Amino acid sequence: MTTSPQYLIGGTYLDTTDLPTFSVINPCTEEVLWDCPQCGAEHVAEAVKHAKASQKTWGATHGADRATLLRKTAEILGGRVDEIARALSLEIGRPFAQAQNEVRRGTEILTWVAGEADRLFGETMTSRSGGRLTVKRDPVGIVAGITPWNFPVGQPLQKLAPALAAGCTIILRPAEVAPLTATLLVKCFTDAGFPDGVIQMLQGAPQEMSKAIFASTDIRKVAFTGSTAVGKLLLGQAADTVKRTSLELGGHSPVVVCDDADIEAAAAETAMLKFANAGQVCIAPTRFYLDEKIAEDFTQALVKQAEARVVGDSQDPASTMGPLAHAGQRQKLEDLIADAVAKGARIRTGGGRPIGKNAGYFLQPTVLDQVPDDARIMHEEPFGPVAVLTTFTDLDDAIARANNSEYGLASYAFAGSLARCEKLADELEAGVVGINNIEVSHHEAPFGGIKASGIGREGGRYGILEYMNVKATHITWAA
Ligand code: NAD
């Protein structure tokens with residue numbers, strides 16, 4: 001097993017020799033886990049050189065052959081679930097069993113996308129002026145993928161799998177928080193037989209490398225997942241080279257709970273996603289709009305769910321919720337809670353650090369109610385285990401308040417009558433909507449945001465088409 005993070009250029013894995021390094025911290029203990037090499041702009045140039053040398057051959061490989069390699073990667077990944085889940089759980093602090101689930105889900109992503117690589121066909125149309133009109137799909141070329149730490153297997157895979165399926169070479173720049181997980185993941189691809197130069201992976205130095213990536217005219221697309229603040233910055237950097245960019249950005253998901261909903265089920269479903277990964281999920285339910293008639297019942301059910309979570313070290317099998325991934329994340333949450341309380345919110349459970357945990361970036365699962373609309377947490381993405389509750393008396397008003405956000409990633413609603421379900425499905429503004437469930441991320445379906453939550457889609461057929469150009473060709477010939 002590889003025990004330290006590496007980077008990959010031209011088919012060779014390299015470690016820290018001759019490079020500056022940065023330390024990767026265990027968020028459960030605040031101890032250094034390992035050091036990671038810090039790449040720079042010169043590594044971007046080197047990676048582009050190798051990607052360029054491979055792009056033509058890789059782009060011309062038949063989709064079925066690309067699919068075979070993706071399936072082989074899935075098989076290898078499936079055989080390394082524990083090894084990769086161990087690195088993941090140490091680096092981001094998610095309980096080991098939940099980390100295993102992310103890796104297993106990774107094998108499903110690869111297998112599903114491989115199926116799409118088998119079916120990347122174009123179209124033929126009849127032309128009014130005679131001849132043949134065809135639409136061909138070509139790979140966009142060299143892609144750079146920049147990913148966050150919250151799903152350190154799933155996020156890189158959502159870039160690697162569709163880009164490779166489409167025939168693109170890819171330079172991956174994973175998050176600094178989880179570089180060993182990324183190294184182990186990429187090894188599954190190279191061990192499966194992806195040719196040298198088709199995948200490169202660089203570690204560290206986000207600003208320096210992203211400037212080099214965006215300035216390169218050889219890199220034709222950047223696929224970024226991360227915060228809206230950084231996404232806006234990168235969108236500006238894309239202008240100079242008019243680079244194709246897909247952005248999966250932040251969220252601030254509302255949940256509308258009607259008086260005819262199944263309250264216990266709604267609380268259990270939303271708690272599952274709210275406290276998963278210690279709330280560090282882009283589609284986590286955050287703002288809860290509760291019909292006044294059921295508000296107290298729902299609040300008590302959610303508090304019960306929150307208090308059932310066992311907060312602890314990711315390596316302890318009893319833990320069901322780990323810490324936040326870094327110190328800054330916890331400080332931001334504590335500031336948002338203090339601001340809400342100062343403006344009149346009540347802490348119904350949690351609200352601070354668990355007693356007795358003196359190391360690690362732990363925060364209790366928290367439920368705040370009576371949160372006023374002007375509290376910062378009503379508008380700023382908390383990205384942590386804090387549920388923010390308020391009430392409504394009129395459904396139209398609740399929908400308007402739910403939509404009153406710069407974000408538009410996920411929205412949820414719980415209701416009994418079909419008419420209400422349809423109204424909520426139609427009127428909630430978001431890229432993905434869950435009615436009576438929180439399952440909005442599927443391999444088969446497009447996933448992504450509107451408004452400041454992003455541009456483009458991952459998943460489903462839509463996800464692969466983001467990595468392809470369409471070329472319309474009209475061929476005529478002499479009779
Ligand atoms: P982040 O924006 O801080 O970092 C994301 C990536 O960008 C990391 O690899 C980071 O190193 C890099 N980066 C940071 N600053 C940069 C800069 N100036 N130039 C270039 N690259 C830079 O986000 P994060 O804290 O890693 O992740 C949390 C955010 O990601 C949340 O806002 C969350 O909602 C969002 N997210 C969105 C989705 C989605 O699908 N929409 C999925 C997961 C996470």
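Q: What makes S253, L273, L409, A410, Y412, V440 and F447 the residues that I283 touches?
A: Each of them is in contact with I283, once residues up to four places away in sequence are set aside; contact means heavy atoms within 4.5 Å. This is a predicted model, where local features need pLDDT of at least 70, side-chain atom pairs count only at pLDDT 80 or more, and totals for chains, interfaces and linings use all residues. Residues are numbered from 1 along each chain as its sequence is written, and side-chain values use heavy atoms, with hydrogens and water left out.

Q: Why is the set that holds I283 called a nonpolar core?
A: Because a nonpolar core is a set of buried Ala, Val, Leu, Ile, Met, Phe, Trp, Tyr and Cys residues joined through side-chain atoms within 4.5 Å, and buried means under 20% relative accessible area with a 1.4 Å probe, protein chains only. The largest one has 67 residues, and V256, V257, I283, F298, V371, Y412 and L424 touch the most other members. Helix α10, residues 295-307, gives the most to this core, with six residues; a helix here is a DSSP run of H or I with at least four residues, numbered from the N terminus. Another core of 64 residues lies apart from it, including V81, L110, A166 and M201.

Q: How do you know that the chain agrees with a compact globule?
A: The globule rule is 2.2 Å times the number of residues to the power 0.38, and the radius of gyration is taken over C-alpha atoms. For 479 residues a compact globule would have a radius near 23 Å, and the chain has 23 Å, so the two agree.

How values were computed
Buried means under 20% relative accessible area, exposed over 50%, partly exposed in between (1.4 Å probe, protein chains only). Helices (H or I, at least four residues) and strands (E, at least two) are DSSP runs, numbered from the N terminus.
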